[in-house]
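Dear colleague,

Please find the structure below, together with its sequence. A description of selected features follows it.

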Amino acid sequence: MSLGHRLRFLKGYLGDPTTVGAVAPSSPGLAGALCEPFSRRTKPARVLEVGAGTGPITRRLGKLIGDKDELDVCEIQPEFAEILDREVLGGPDFAAAVAEGRVRLLCCPVQEIAAEEPYDFIISGLPLTAFELPDVKDVFAAFRRCLKPDGVLSYFEYVGLRRLSCSLGVGERRARVRSVSAFLTDQIRRHQFDRRNVLINIPPAHARHFRFTESASV
């Protein structure tokens, strides 16, 4: 990741932390942890990456994508989408898949993805703890709608961030973080089947892997 990309990421975070939820892109270690279920697939798969940023996870997917896999990359920030299109999806790792129409760049919220054919894997970099609770619920509803019944959702959160935000926040911000944290804790309890701790990341992070095996709605 170039210094220019890191500066763009920091600028995006300072400008709007609700859409850019980190001060730096994900590390290769975190990208690998999030892509681990996809790396173990035994047949061609459809993958959706949400909140791709400048593409550290996308780059990892480019090393893993097979000759029959399909990938949709979703990023609503125009500057990041341009980087993804030009520097990541335009690179040699994606050349064959792009030429065959098996890779798409989507510039819309995940809630607006039609997903006529559901995905086997969704990998999310969305800053969920920066959202309002109704938005978090809408995002999870979109994840469930877009995933196959046995599909895997992978997302990350920073170690201790929710607890720290609940402790240091005041007023409406504290109430917002607490409500989002309670919702995420419940989803983790109900659906998480694996977790990887990635210490070599800024900040350290948990990579969480879900299967929505229950029929109950979010």
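The buried residues of helix 4 (residues 56-64) pack against helix 2 (28-34), helix 3 (36-39), strand 1 (46-50), strand 2 (70-74), helix 5 (78-88) and strand 4 (119-124). Contact here means heavy atoms within 4.5 Å. Helices (H or I, at least four residues) and strands (E, at least two) are DSSP runs, numbered from the N terminus. The buried residues in question are P56, I57, T58, L61, G62 and L64. Buried denotes a relative accessible area under 20%, exposed one over 50%, and partly exposed anything in between (1.4 Å probe, protein chains only).

Please note that this is a predicted model, in which local features need pLDDT of at least 70, side-chain atom pairs count only at pLDDT 80 or more, and totals for chains, interfaces and linings use all residues. Residues are numbered from 1 along each chain as its sequence is written, and side-chain values use heavy atoms, with hydrogens and water left out.

Strand 7 and its partners

Strand 7 (residues 205-210) is largely enclosed by the rest of the structure, because 6 of its 6 residues are buried. Both of its faces are covered, with A205, A207 and H209 on one side and H206, R208 and F210 on the other. Strand 5 (residues 147-158) runs antiparallel to strand 7 and is joined to it by 6 bridges; two strands are taken to pair if DSSP finds at least two bridges between them. Within this pairing, E157 has H206 as its bridge partner. Strand 6 (residues 192-198) is likewise antiparallel to strand 7, again with 6 bridges, and V198 is partnered with A205. Strands 6 and 7 form a hairpin, with 6 residues between them.

Residue S124

S124 lies in strand 4 and is buried, at a relative accessible area of 1%. Its side chain reaches the backbone nitrogen of L126 at 3.2 Å. Such a polar contact is a pair of N or O atoms within 3.5 Å; within protein, one must be able to donate a hydrogen and the other to accept it, and residues adjacent in sequence count only if both atoms are side-chain atoms. Leaving aside residues up to four places away in sequence, S124 touches V50, F143, L153, S154, Y155 and F156.

Salt bridges

The structure holds 15 salt bridges, each defined as a side-chain nitrogen of Lys or Arg within 4 Å of a carboxyl oxygen of Asp or Glu. One of them joins E70 and R46, at 2.7 Å from N to O. This pair links distant parts of the chain, with E70 in strand 2 and R46 in strand 1, 24 residues apart. E70 is partly exposed at 30% relative accessibility, whereas R46 is buried at 11%.

E36 forms a salt bridge with R40, with the closest N and O atoms 2.9 Å apart. E36 is partly exposed, at 21% relative accessible area, and R40 is also partly exposed, at 45%. E36 and R40 belong to a network of salt bridges that includes D194 and R196.

In helix 5, R86 and E82 are 4 residues apart, so about one helical turn separates them. The closest N and O atoms of their salt bridge are 3.1 Å apart, and R86 is partly exposed, with a relative accessible area of 44%.

Residue G101

G101 is found in the loop between helix 6 (95-99) and strand 3 (103-106). G101 is exposed, with a relative accessible area of 54%. From C-alpha to C-alpha, G101 and E70 are 8.4 Å apart in space and 31 residues apart in sequence.

With kind regards
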